[in-house]
Amino acid sequence: MLFITYGSDITKNTYDTLTASDIGEYMKPDFSVALKPNLVVPGPASNGAVTHPEVTEGVVMFLKDFGVNNIKIIESSWVGDSTIRAFEFCGYRELSKKYDIPLIDLKSDSCTLLRHFGYDIKVCDEALKTDFLINIPVLKAHCQTRLTCCLKNQKGCIPDSEKRRFHTLGIHKPVAVLNALIKTGYCVVDGICGDLSFEEGGNPVESNRIIAGRDPVMVDSFCAELIGYHPDDIEYLSYAKKIGVGQYYTADTKIVELNTENKSVVDIGKMYSSERYRSLIDEDAACSACYSSLIYALHRVGGRVGGRSGTSGFSGTSSISDNADGKIHIGQGFKGKTGKGLGIGTCTKGFDQCVPGCPPKAKDIADVLR
């Protein structure tokens, strides 16, 4: 079961998502709860690399109203950077003071050696001794693993020496095994503006959505399709499923969507990563979630559609090559209209070819573009 809320009011939308979710079936007010955001580097969340403090604040507000008082925020930035600096620059020091919640730098935490599926892994004790861990990752791409979201975010719960060793072991299987060792209580994904291609940020794609669910494998498999991948394209995800960490999202998975009427119209001026594809797109009042799917899809196919790149219109011999104006059409402004060529999203169902969905997944768009 997955829960999705759209819109730009980040704190309220996070709170509303958890209020509508089934988290109360698994968590009790007397639990100790650890929040694990992704603060990989010190920097603003608008760059697409770190968890918005507003998302974490929405989680804290929900927990307080639920009756949970024993809350901590745990994290370890990537090797070579300071978690303390990340807490400060990412807005978490202020959040800590506002709600009187301790910030735990796992780089200085003690560890316990655990063994599972043939791997010996040191895990930070603060991640193990909590009753309920809420994983709050950013939905973004990764230069090595393609996707980083719930499962890979747990890599912040191991010491730096283990982070280095994971890469010598091939990264994927250790990440999957780590998630069998650290039990996730619930996942709350920051899908506001994750990076297009690199975990350090710099190419944010505005999507404005919060995604929540109990099963980290299910959440990650759903998110993989949102940015243009099949779940099996992500090696650690397929292995996590194989060893029983969770199950993939399927067509039978129940999805509860909130605030669908408030899907925010994309601010293209802020979507720097879309510049290279602007000449391909005819946009009219597109929702950010829909537009982001198109940008991710174009990136997956290398910006090449029907034999042409994103530097000019597209043409060629593909089924969309006879588009009258050489554009991909997207946005609410096309509701009720007809046209030749390709439309993206339910609003463009009157076009000769349409990738349906509100919003469609980047994977489905990429399949058509290819």
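Which helix gives the most to the lining of the largest pocket? I looked this up first. Helix α7 does, with three residues. I note here that the model is predicted.

**Entry 1: the pocket**

I began with the space itself. The largest pocket holds about 340 Å³. I recalled that rolling a probe the size of a water molecule over the atoms shows where empty space is left. I then listed the lining, which has 20 residues. Val40, Trp78, His142, Lys152 and Lys155 lie nearest the centre of the pocket. I sorted the lining by class and found three nonpolar, nine polar and eight charged residues. I also checked which elements supply at least two residues each, and these are β8 (140–142), α6 (150–153) and α7 (160–168).

**Entry 2: a pair inside α7**

I stayed with α7 and looked for charged pairs. Aspartate 160 and lysine 163 form a salt bridge, with 3.1 Å between the closest N and O atoms. Both residues are in helix α7, three residues apart, which is about one turn of the helix. Next I noted a network in which salt bridges that share partners join Lys72, Glu126 and Lys129.

**Entry 3: other salt bridges**

I searched the whole structure and got 13 salt bridges. One of them joins the side chains of lysine 98 and glutamate 57, at 2.7 Å from N to O. Lysine 98 is in helix α4 (residues 92–99) and glutamate 57 is in helix α2 (residues 53–66), so this pair ties together parts that are 41 residues apart in sequence. I looked up the accessibility of each partner. Lysine 98 has 57% relative accessibility and counts as exposed, whereas glutamate 57 has 13% and counts as buried. I also found a salt bridge between aspartate 81 and arginine 85, whose closest N and O atoms are 3.3 Å apart. Arginine 85 is partly exposed, with a relative accessible area of 40%.

**Entry 4: strand β1**

I turned to the strands. How many residues of β1 (residues 2–6) are buried? Five of its five residues are, and I noted the strand as mostly covered. In a regular strand the side chains alternate between the two faces of the sheet.

I then looked for the partners of β1. With strand β12 (residues 255–258), β1 pairs in the parallel sense over four bridges. The bridge partner of isoleucine 4 in β12 is glutamate 257. With strand β11 (residues 209–213), β1 runs antiparallel, and five bridges join the two. Phenylalanine 3 stands opposite alanine 212 in β11.

**Entry 5: a sheet of four strands**

My last entry is on an open sheet with the order β13-β14-β15-β16 and parallel pairing. Which strands stand at the edges? They are β13 (281–283) and β16 (351–355). Each has a single partner strand, so one side of each is left without a neighbour in the sheet. From one strand to the next the twist averages 30°. I checked the pairing of β13 with strand β14 (residues 328–330), and three bridges join them. Isoleucine 281 stands opposite isoleucine 328 in β14.

Definitions and conventions:
Residues numbered from 1 in each chain as written. Predicted model: local features only at pLDDT ≥ 70, side-chain atom pairs only at ≥ 80, totals over all residues. Heavy atoms only, no water. 1 Å grid on protein atoms, 1.4 Å probe; cavity = no way out; pocket = protein on both sides within 12 Å on 5 of 7 lines; lining within 4 Å. Points joined across faces, edges and corners; volume = space filled by probe spheres on them. Nonpolar A, V, L, I, M, F, W, Y, C, P; charged D, E, K, R; others polar. Buried < 20%, exposed > 50% of the residue type's maximum accessible area, 1.4 Å probe, protein only. Pairing = 2+ DSSP bridges. Salt bridge = Lys/Arg side-chain N within 4 Å of Asp/Glu carboxyl O. Axes fitted to C-alpha atoms, helices over the stretch in contact; angles between N-to-C directions.
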